[in-house]
Amino acid sequence: MTQLNQTPENHNSKKQILLNAFDMNCVGHINHGLWTHPRDESHRFNELNYWTDLAKTLEDGLFDGLFIADITGVYDVYQHGIDLTLKESIQLPSHDPSTLISAMASITQNLGFGVTVNLSYESPYQFARRFASLDHLTQGRIGWNIVTGYLDSAERLIGQKGLKDHDLRYEQAEEFLELCYKFWEGSWENDAVLKDKTNRIFTDPSKVHQIQHHGKFYQSEGVFQVSPSPQRTPVLFQAGASPRGLAFSTRHAECVFIGGDQPEKIKQQVDKIRELTVQQGRNPEDIKIFVGITVVTAETDQLAQEKLAEYASYASPEAGLAHFSSSVGIDLSKYADDEAIPYQQTNSIASVNNKFKENKITPNDLKAQHKLGGRYPLIVGSGETVAKRLIQLIDETGIDGFNLTRTVAPESHHDFIRLVIPELQQRGRFKTEYASGTLRSKIFNHGDHLTAQHPASHFRCQSSTDKQNTEPNSVNVHKQSA
């Protein structure tokens with residue numbers, strides 16, 4: 001894990017920092033082993049008030065969203081088993097994140113919710129219906145983190161023989177998205193619902209249209225059951241960093257998560273994403289780019305370093321290594337601590353695996369990076385020090401915000417809100433109140449719905465008066481996925 005160096009603050013740029021809390025419906029998410037800390041409460045993840053209290057805390061701190069990760073399957077690559085995964089609770093047990101949203105939305109008004117769902121194991125219709133329903137119940141505060149999966153253990157759980165080819169997973173994802181767009185954007189016109197009690201017309205039948213989709217992976221015919229929700233399509237998150245993943249994310253995503261600890265490397269990724277976005281016919285600012293970080297903060301730099309040492313005494317770098325093994329699909333336990341890990345082609349996370357091709361990395365190197373059991377950049381210091389480093393990273397790289405992991409829960413979020421947020425606000429780099437509107441409107445300030453440049457716009461139904469050469473009450477699109 002790399003600590004970012006402090007450099008002079010750039011006062012010219014005043015980009016407002018976007019901030020998500022990054023979590024998972026489990027005990028050990030990113031920073032492994034810290035569940036053993038006496039003040040950590042993540043063992044209560046199966047209690048609803050653990051999550052409602054977190055939502056209140058984050059909204060009080062003006063966080064833009066709570067981004068909830070998820071996996072299907074278990075981490076069983078390291079030592080060819082799950083003993084360490086179970087002992088250290090490395091995302092096991094883990095529960096369905098979507099079950100948390102309604103409760104957290106009911107006690108907040110502005111906090112957004114990004115939920116990870118693996119489309120490889122979902123029916124497009126049932127998924128689209130569930131998320132449209134959540135968009136209604138949250139009044140337009142729902143987002144979807146699109147993942148295609150990378151664990152062989154997940155394939156075995158659902159009765160398949162093994163993980164599909166990396167690029168084939170993205171081909172399937174393209175068609176999944178296309179069909180969801182048809183449901184969300186193409187079945188109901190904006191003014192279809194009348195609620196006219198006098199004339200006994202709840203919905204105008206002429207403004208509801210059947211979807212007909214006949215593709216390589218999916219078939220669907222009929223009317224979407226959910227009326228238009230505030231955002232129609234949820235805010236779309238994605239983290240693909242391979243060439244195929246980048247092509248997918250710059251075509252579809254609105255928020256992209258990237259890794260990296262060196263500003264120059266992060267900037268290279270940002271510039272590439274912006275360039276590819278333009279090539280897709282979209283505005284480069286139509287995508288907001290986030291970097292995952294871990295922060296340990298206290299009243300002074302020295303106290304923060306002491307807190308880091310205390311946290312590290314409870315952390316498990318080996319558990320971080322086990323998590324990393326499944327990310328790259330390689331059992332890292334078979335290499336000596338000082339042995340360079342050779343690159344091997346796998347179907348797991350290509351961008352992470354490529355690090356072995358680019359650099360000489362040993363298990364000792366990885367354990368050093370996993371000082372707190374996680375591999376995200378680590379920023380340590382007083383609130384002022386942390387705020388300056390965050391601003392520095394934003395200004396040097398062109399990213400838009402951060403996904404903040406937890407260390408000791410909920411202490412680390414309370415510390416960040418108490419010590420770092422006021423310093424960011426004082427420098428004019430973080431909001432002092434929420435804007436009104438949906439999650440998409442808050443993030444982009446251009447309305448509740450996807451822009452006309454987004455591929456979803458191709459599947460929007462026209463108003464009844466504008467239809468030409470269209471079969472009555474039907475949206476019949478047979479376009480194949482790219």
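Buried means under 20% relative accessible area, exposed means over 50%, and partly exposed lies in between, with a 1.4 Å probe and protein chains only. The model shown is predicted, so local features need pLDDT of at least 70 and side-chain atom pairs count only at pLDDT 80 or more, while totals for chains, interfaces and linings use all residues. Residues are numbered from 1 along each chain as its sequence is written, and side-chain values use heavy atoms, with hydrogens and water left out.

**View 1. Strand S12 and its pairing with strand S11.** Of the 5 residues of strand S12 (residues 378-382), 5 are buried, so the strand is largely enclosed by the rest of the structure. Strands here are DSSP runs of E with at least two residues, and helices are runs of H or I with at least four, both numbered from the N terminus. S12 pairs with strand S11 (residues 288-298) in the parallel sense over 5 bridges, where pairing requires that DSSP finds at least two bridges between two strands. Within this pair, valine 295 stands opposite isoleucine 379 in S12.

**View 2. Arginine 406 and its surroundings.** Arginine 406 lies in the loop between strand S13 (401-405) and helix H15 (411-426), and counts as buried at 6% relative accessibility. Its side chain is joined to that of aspartate 23 by a polar contact of 2.7 Å, a term for a pair of N or O atoms within 3.5 Å in which, within protein, one must be able to donate a hydrogen and the other to accept it, and residues adjacent in sequence count only if both atoms are side-chain atoms.

**View 3. Aspartate 64 and its polar contacts.** Aspartate 64 is placed in the loop between helix H1 (48-60) and strand S2 (65-69), and with 11% relative accessibility it counts as buried. The side chain of aspartate 64 makes a polar contact of 3.0 Å with the side chain of lysine 431, and a polar atom of the aspartate 64 side chain lies 2.8 Å from the backbone nitrogen of leucine 19.

**View 4. Two positions from the UniProt record.** The unreviewed UniProt entry lists several residues for "binding site", among them His166 and Ser242; such annotations may be inferred rather than shown by experiment, feature names are shortened, and positions follow the numbering used here. Histidine 166 is found in helix H6 (residues 166-186) and is buried, with a relative accessible area of 13%. Serine 242, in the loop between strand S9 (235-238) and helix H7 (243-252), is buried with a relative accessible area of 6%.

Terms used: Contact = heavy atoms within 4.5 Å. Lists of a residue's contacts leave out its neighbours within four places in sequence.
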